[in-house]
Amino acid sequence: MRPDSRFPTPYPPAMDKFESIRAFTQVVESGGFAAAARKMGLSRSAVNKLVLNLEDDLQTQLLHRTTRRVSATAAGRAFYERSVNILADLEEAELALSRLQEEPRGSLRVNAPMTFGVLHLGPLLVDFMAQYPDLQVELSLNDRFIDPIDEGFDVTVRIAPSPGAASLIAHTLAPCPMVICAAPSYLQRRGMPSQPSDLVHHACLHYGHRSQDNTWTLMGADQVPLTVSIDGPLCCNNGEVLKQAALAGLGLVLMPRFIVEESLQQGRLQPILPDFCPPESQIYALYPVNRHLSVKVQRLIEFLQQRLTLG
């Protein structure tokens with residue numbers, strides 16, 4: 001039975017309201033009390049007591065509890081969404097007090113696309129780490145689309161026309177021009193496209209998976225987007241592999257210019273449809289809201305914005 005709302009249950013000193021909110025959000029995110037207790041370094045009963053105190057104070061049931069699972073009620077889900085922001089604001093306030101006095105230290109987990117990481121990010125991180133010797137960086141390079149929150153990355157680098165993740169904070173690091181190109185040997189065999197509609201008659205090497213939308217979007221002088229369907233013998237989620245396939249004469253590729261710039265300058269690849277440019281992508285650094293005032297994240301973002309150039 002809930003206490004009379006006129007006489008709310010006081011929080012014991014070790015169970016203040018913010019700690020109860022933290023416990024509640026951790027239970028929702030972990031899917032249960034035992035997992036939340038492990039993450040918080042508390043006993044299961046302590047976490048349960050924190051949540052019960054919160055429910056008593058709010059006079060509202062926040063969780064459905066069964067022997068098999070725990071889930072948020074409708075009221076609990078709404079309260080959870082607000083609580084995440086409240087806790088993030090509290091963390092920001094705490095971090096802001098010491099940010100100017102702190103140096104980056106501890107672990108920093110970074111995820112980035114493979115080719116960009118090898119050509120640009122990796123060398124920059126070496127310089128960054130030389131400035132901050134107390135920092136241990138874990139760099140994960142792959143071309144798989146990840147969820148930074150689920151996989152625990154502090155910073156994720158993406159190359160795209162837009163950040164595309166409303167739940168993450170995004171900072172633009174640098175523009176990333178795109179280009180369509182092909183090897184001279186391919187163009188000798190198949191001819192030079194003169195209009196975007198010609199692409200349907202060409203082998204187009206696609207970034208991604210066959211199950212995805214196999215289209216390219218180009219912009220003419222009128223800046224009106226024109227989307228064309230493409231098909232070809234190879235699709236791959238790695239730009240370096242697609243570049244090698246293009247150099248071998250397998251077809252046309254659309255990709256970031258920094259991947260093919262050297263081959264273009266050497267004449268081993270040739271630009272296609274120069275009057276119809278792909279929309280320019282950007283290189284973004286994304287991170288969860290609870291890393292917003294993390295010193296190591298902020299210093300890395302500032303460093304990359306100052307030092308990253310693709311020219």
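**Figure 1. Gln223 in the loop between β9 and β10 of the predicted model.** Gln223 is found in the loop that runs between β9 and β10 (225-229). The structure shown here and in the other views is a predicted model. The phi angle of Gln223 is near 60 degrees, a positive value in a residue other than glycine. Most residues other than glycine have a negative phi. With a relative accessible area of 52%, Gln223 is exposed, because the limit for that class is over 50%.

**Figure 2. Gln59 in the loop between α3 and β1.** Gln59 lies in the loop that joins α3 (44-58) to β1 (63-65). Its phi is positive, near 55 degrees, and Gln59 is a residue other than glycine. The relative accessibility of Gln59 is 34%, so this residue counts as partly exposed.

**Figure 3. The largest pocket and its lining.** The space in the largest pocket comes to about 1,200 Å³. It is lined by 40 residues, of which Ile159, Ala160, Pro161, Met178 and Tyr207 are the closest to the pocket centre. Several elements give two or more residues to this lining: the strands β3 (106-112), β5 (155-160), β8 (204-207), β9 (215-219) and β12 (252-256), together with the helices α5 (114-131), α8 (239-247) and α9 (257-266). Among the elements, β5 gives the most to the lining of the largest pocket, with five residues. By class, the lining of the largest pocket holds 21 nonpolar, 15 polar and four charged residues.

**Figure 4. The second largest pocket and its lining.** About 790 Å³ of space lies in the second largest pocket. Its lining consists of 25 residues, and those closest to the centre are Glu29, Tyr80, Val84, Ile149 and Asn290. The helices α1 (17-30), α2 (33-40), α4 (74-98) and α6 (148-151) are the elements that give two or more residues to the lining of this second pocket. The greatest contribution to the lining of the second largest pocket, nine residues, is from α4. The residues of this lining divide into 11 nonpolar, six polar and eight charged.

**Figure 5. Helix α2, its buried residues and their cover.** The buried residues of α2 are Phe33, Ala35, Ala36 and Ala37. Among the elements that cover these buried residues of α2 are α1, α3, β1 and β2 (70-72). After α2 comes Gly41, whose phi is positive, near 70 degrees. Helix α2 is also among the elements that give two or more residues to the lining of the second largest pocket.

Figure 6. For Cys176, which is in no disulfide, the nearest cysteine sulfur is that of Cys181, 13 Å away. Cys176 counts as buried because its relative accessibility is 0%. Cys181 is likewise in no disulfide, and the nearest cysteine sulfur to it, that of Cys204, is 12 Å away. The relative accessibility of Cys181 is also 0%, so Cys181 counts as buried.

**Figure 7. Residues 1-15 and the confidence of the model.** Over residues 1-15, pLDDT stays under 50. The model has 26 contacts beyond four places in sequence for residues 1-15. Where pLDDT is low, the predicted coordinates should not be read in detail. For the protein chain, the mean pLDDT is 86, and 90% of the residues reach 70 or more.

Definitions and conventions. Residues are numbered from 1 along each chain as its sequence is written. This is a predicted model: local features need pLDDT of at least 70, side-chain atom pairs count only at pLDDT 80 or more; totals for chains, interfaces and linings use all residues. Side-chain values use heavy atoms; hydrogens and water are left out. On a 1 Å grid over the protein atoms alone, a cavity is a set of points where a 1.4 Å probe fits but cannot get out, and a pocket is an open set with protein on both sides within 12 Å along at least five of seven lines; lining residues have an atom within 4 Å of a point. Grid points are joined across faces, edges and corners, and a volume is the space filled by probe spheres set on the points. Helices (H or I, at least four residues) and strands (E, at least two) are DSSP runs, numbered from the N terminus. Ala, Val, Leu, Ile, Met, Phe, Trp, Tyr, Cys and Pro count as nonpolar, Asp, Glu, Lys and Arg as charged, and the others, Gly among them, as polar. A disulfide is a pair of cysteine sulfur atoms within 2.5 Å. Buried means under 20% relative accessible area, exposed over 50%, partly exposed in between (1.4 Å probe, protein chains only). pLDDT is the predictor's confidence in each residue, from 0 to 100. Contact means heavy atoms within 4.5 Å.
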